[in-house]
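Please read these notes with the model open beside you. Take the points in order and find each residue as it comes up.

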Amino acid sequence: MAQSHDVIVVGAGLAGMRAALAAQAAGGDVAIISKVYPVRSHSNAAQGGINAALAPEDSWESHAYDTVKGSDYLGDQEAIEILAREAPGAIIELEHMGVVFSRDEEGRLGSRNFGGATHARTYFVGDFTGQAILHVLYEQLVKSGIRTYNEFFVTQLLRDAHGAVAGVLALDMRSGELHQFHASAVVLCTGGMGRVFEPSTNALICTGDGTALAYRAGAPLMDMEMVQFHPTTLKSNGALISESARGEGGYLINRLGERFMSKTAPNKMELASRDVVSRAEQVEINEGRSVDGCVFLDLRHLGAAKIMERLPQIRELALEFAGADMITDPVPICPGMHYQMGGVRTDVHGATAVPGLFAAGECACVSVHGGNRLGANSLLETVVFGRRAGVAAAAAAAGRPRPTLSESLLRDGRRALDGLLARPEGERAAALRLEMGHTMTRQVGVFRTEATLREAEGSMAELRQRWARVSVGDKGRLFNQALVGALELDFMLDLARCVVAAALARTESRGAHTRLDHPARDDANWLKHILCYPGDGGPRLETAPVSITRWQPQERVY
């Protein structure tokens with residue numbers, strides 16, 4: 001028999017848990033479905049902090065303007081105003097739940113500088129802020145009694161006769177059984193799609209599942225060409241070296257020892273917005289002022305005591321994976337895929353174009369980030385818009401009877417999985433996944449041209465055809481990671497094609513999208529969002545206007 005709830009939240013990171021808690025508080029019977037246990041969600045990896053204008057000398061208007069400017073004016077200003085207005089209350093709420101934020105000498109919440117910000121408004125717990133918040137929210141989840149279906153992989157959104165989302169099919173990875181779940185509202189909080197690129201700062205679980213599920217259900221994806229390359233990642237494995245290192249005063253230097261950011265952002269230097277810093281690094285690398293494809297993060301002047309107090313985790317990462325002790329040596333770093341600004345298009349309440357379907361967090365695009373996300377706004381987005389999506393989903397569910405769907409949908413889903421397992425010996429999903437990731441990083445990276453994008457377009461179309469020949473070597477049912485990997489690759493190929501199609505269409509440079517063949521920002525023709533819909537043979541593109549409430553586009557100078 002199918003399980004039934006008012007609201008099902010898919011994903012158990014910060015956005016998912018916050019949405020579930022809000023939906024339950026609004027009166028809903030809520031459940032979470034997650035392919036990993038909640039405390040293994042990728043929100044763990046957020047290091048630097050969470051933004052809010054709490055200081056007397058700061059204001060929500062300043063926070064909002066910095067975010068609009070950082071977005072290269074592609075962010076929707078209605079949503080950005082909500083983000084900035086609700087940020088202080090969200091931080092205080094987290095503190096009251098038990099997040100032990102770092103404090104200053106007077107016992108007040110301590111803050112640090114982050115890129116693109118005019119004030120030090122990033123509140124933090126050492127360099128593992130996401131992990132600290134995640135565990136506190138998990139405590140609240142346990143306290144709430146919300147049902148969690150852990151290690152269930154959602155394969156399909158189910159819709160009723162009127163086209164509204166009415167539940168999901170999910171694979172219980174522990175048993176290999178496919179289950180049908182009914183719900184009056186579904187909230188997608190599945191995080192990012194970093195593994196479309198290789199390497200990436202994202203965990204291996206970040207495969208864009210929810211984004212692809214919504215796309216296949218007919219919800220448009222927005223701003224998919226906007227892929228953030230973080231300035232400080234380790235070349236060997238893509239591990240993130242937090243922006244907090246630069247917030248605490250770290251320098252970026254080339255092989256000649258020059259602080260090269262003085263050429264690009266003479267005022268903000270290393271604390272310019274991420275897209276600006278990554279481009280500057282890539283120029284140094286491309287022009288030969290690097291070592292083995294890397295420039296260097298230099299923290300030696302901070303001293304051992306400050307590094308061990310404020311940055312212990314990233315010191316350990318650099319030691320283990322780069323063989324560099326940042327107390328005594330510069331750390332080799334390079335730009336690496338980190339965050340997807342685009343996602344499922346939603347309104348400010350998390351609602352998508354498909355009735356009954358909501359989304360929040362990195363898988364969604366309410367477009368607070370536009371063309372480039374400011375550091376420490378992502379954790380904020382998860383709690384602000386996770387809460388709003390949960391409240392809206394509960395309200396939508398209250399106005400709609402719980403659906404009852406035919407079990408023929410479950411039988412069809414089982415046949416599809418059986419067919420995948422029964423395929424004859426063919427290509428391996430892991431090999432195709434690596435080929436996809438390396439191609440996307442090489443051809444759709446920090447700098448793009450029509451030629452590289454056309455090559456990527458052809459490669460992704462070919463990989464999509466080759467996926468039909470992918471076989472699953474493990475024919476068992478219990479924890480069949482080869483099966484899950486093939487399903488994840490299926491999702492990622494859809495998303496890769498959306499990224500490439502939107503990047504080809506946007507013939508300008510804006511935010512993280514830099515076209516060497518169209519180097520200028522073109523507000524006359526491209527101050528608009530690109531929407532991706534599933535079409536015959538690939539994504540079908542449309543455009544949508546940008547919400548501008550008070551800040552007209554200006555040249556970005558840092």
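Buried means under 20% relative accessible area, exposed means over 50%, and partly exposed lies in between (1.4 Å probe, protein chains only). This is a predicted model, where local features need pLDDT of at least 70, side-chain atom pairs count only at pLDDT 80 or more, and totals for chains, interfaces and linings use all residues. Residues are numbered from 1 along each chain as its sequence is written, and side-chain values use heavy atoms, with hydrogens and water left out.

1. Start with charge pairs. Side chains of opposite charge can pair when their charged atoms come close. A salt bridge here is a side-chain nitrogen of Lys or Arg within 4 Å of a carboxyl oxygen of Asp or Glu. A search of the whole structure finds 55 of them.

2. Look at Asp490 and Arg216. They form a salt bridge, with the closest N and O atoms 3.1 Å apart. Asp490 sits in helix H15 (residues 481-505) and Arg216 in helix H5, so the pair links parts of the chain 274 residues apart. Helices (H or I, at least four residues) and strands (E, at least two) are DSSP runs, numbered from the N terminus. Asp490 counts as buried, at 13% relative accessibility. Arg216 is partly exposed, at 40%.

3. H5 takes part in another pair. Lys35 forms a salt bridge with Asp209, the closest N and O atoms being 2.8 Å apart. Lys35 lies in the loop between strand E2 (30-34) and strand E3 (50-51), while Asp209 belongs to H5 (residues 209-216), so the bridge ties together parts 174 residues apart in sequence. Both Lys35 and Asp209 are buried.

4. Is each partner in the next pair buried or exposed? Lys263 and Glu284 form a salt bridge, with closest N and O atoms 2.8 Å apart. Lys263 is in helix H7 (residues 261-264) and Glu284 in helix H8 (residues 274-286), 21 residues apart. Lys263 is exposed, with a relative accessible area of 52%. Glu284 is buried, at 2%.

5. Now helix H1 (residues 14-25). The expected span of a helix is 1.5 Å times one less than its number of residues. For the 12 residues of H1 this gives 16 Å, and its end C-alpha atoms are 16 Å apart, which agrees. Of these 12 residues, 10 are buried, so H1 is largely enclosed by the rest of the structure. Among the buried ones are Leu14, Met17 and Arg18. Their cover includes strand E1 (3-10), E2 and helix H3 (77-97). Gly27 follows H1, and its phi is positive, near 105°.

6. Check Gly75 next. It lies in the loop between helix H2 (60-70) and H3. Its relative accessibility is 0%, so Gly75 counts as buried. Contact means heavy atoms within 4.5 Å. Leaving aside neighbours within four places in sequence, Gly75 is in contact with Ile80, Ser367, Gly370, Val546 and Ser547.

7. Finish with the cores. A nonpolar core is a set of buried Ala, Val, Leu, Ile, Met, Phe, Trp, Tyr and Cys residues joined through side-chain atoms within 4.5 Å. The largest has 79 residues, of which Ile33, Val186, Leu188, Met436 and Met440 touch the most other members. H15 gives the most to this core, with 16 residues. Apart from it lies another core, of 58 residues, including Ala19, Ile50, Val99 and Val368.
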